[in-house]
Amino acid sequence: MLLLSVMFVLLAAAVMNPAQGQAIREIKEDRVILDCEGGEDGQVKWWKDNNEDKTQKNSTFEAKAEQGTVGGFFTCEYSKINTDTGTNEVIKHKFYLKIKVCENCYELSGLAAWGIMLGDVLITGGLMLIIYICAARKSNGTQKKASNPRPINPPRPPNPDYAALDPKMRSSNALYAGLNK
């Protein structure tokens with residue numbers, strides 16, 4: 001159940017994207033594709049670790065993996081005309097990546113992950129139900145009654161040697177005088 005909770009939190013965090021205008025479009029075997037939304041193709045400048053990459057001018061950037069890891073600071077910059085003031089505004093979006101990529105990894109979509117979790121819960125519930133039914137069948141589901149709650153022969157009368165103390169026989173200073181008061 002703890003694993004299911006952790007997976008739910010991770011999937012919820014993956015769905016929410018607080019960044020405006022920047023996105024990781026795709027993670028592939030040997031690279032990560034970044035997207036600078038709002039910029040037009042040919043008008044976007046990209047930087048990696050404060051070094052401008054002059055080869056890529058599109059709104060998407062392919063960051064190649066070095067030794068199985070795509071990492072560093074990435075920045076995209078483009079100009080946009082502000083409709084209120086009529087001035088040219090420079091917009092920058094910054095990315096920090098540290099992503100491990102591999103050639104033989106399998107990509108799992110959110111829908112498939114939810115299906116696996118739901119299937120796991122259903123299978124676990126089914127096993128619990130089967131175990132409950134088998135345990136109930138072995139115990140026959142009914143409780144056994146006592147063979148005979150009332151004895152056949154009544155109890156014998158009390159022994160006259162153990163008769164109750166006579167109030168006349170009690171003395172005020174006797175050790176057991178206060179027992180039946």
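This is a predicted model: local features need pLDDT of at least 70, side-chain atom pairs count only at pLDDT 80 or more; totals for chains, interfaces and linings use all residues.

Tutor: Residues are numbered from 1 along each chain as its sequence is written, and side-chain values use heavy atoms, with hydrogens and water left out.

Student: How many aromatic pairs does a search of the whole structure find?

Tutor: Rings of Phe, Tyr and Trp (its six-membered ring) pair if their centres lie within 6.5 Å; planes under 30 degrees apart are stacked, over 60 edge-to-face, and the rest tilted. Here the search finds four pairs. In one of them, Phe61 and Phe74 have ring centres 5.7 Å apart and planes at 55°, so this pair is tilted.

Student: Which strands hold Phe61 and Phe74?

Tutor: Strands are DSSP runs (E, at least two residues), numbered from the N terminus. Phe61 belongs to strand S5 (residues 60–64) and Phe74 to strand S6 (residues 69–81), so the pair ties together parts 13 residues apart in sequence.

Student: Are Phe61 and Phe74 buried or exposed?

Tutor: Buried means under 20% relative accessible area, exposed over 50%, and partly exposed in between (1.4 Å probe, protein chains only). Both Phe61 and Phe74 are buried. They also form one aromatic cluster with Trp46 and Phe95.

Student: How are the rings of Phe73 and Tyr96 placed?

Tutor: Their centres are 4.9 Å apart and their planes at 50°, so this pair is tilted. Phe73 is exposed at 51% relative accessibility, and Tyr96 is exposed at 53%.

Methods. Helices (H or I, at least four residues) and strands (E, at least two) are DSSP runs, numbered from the N terminus.
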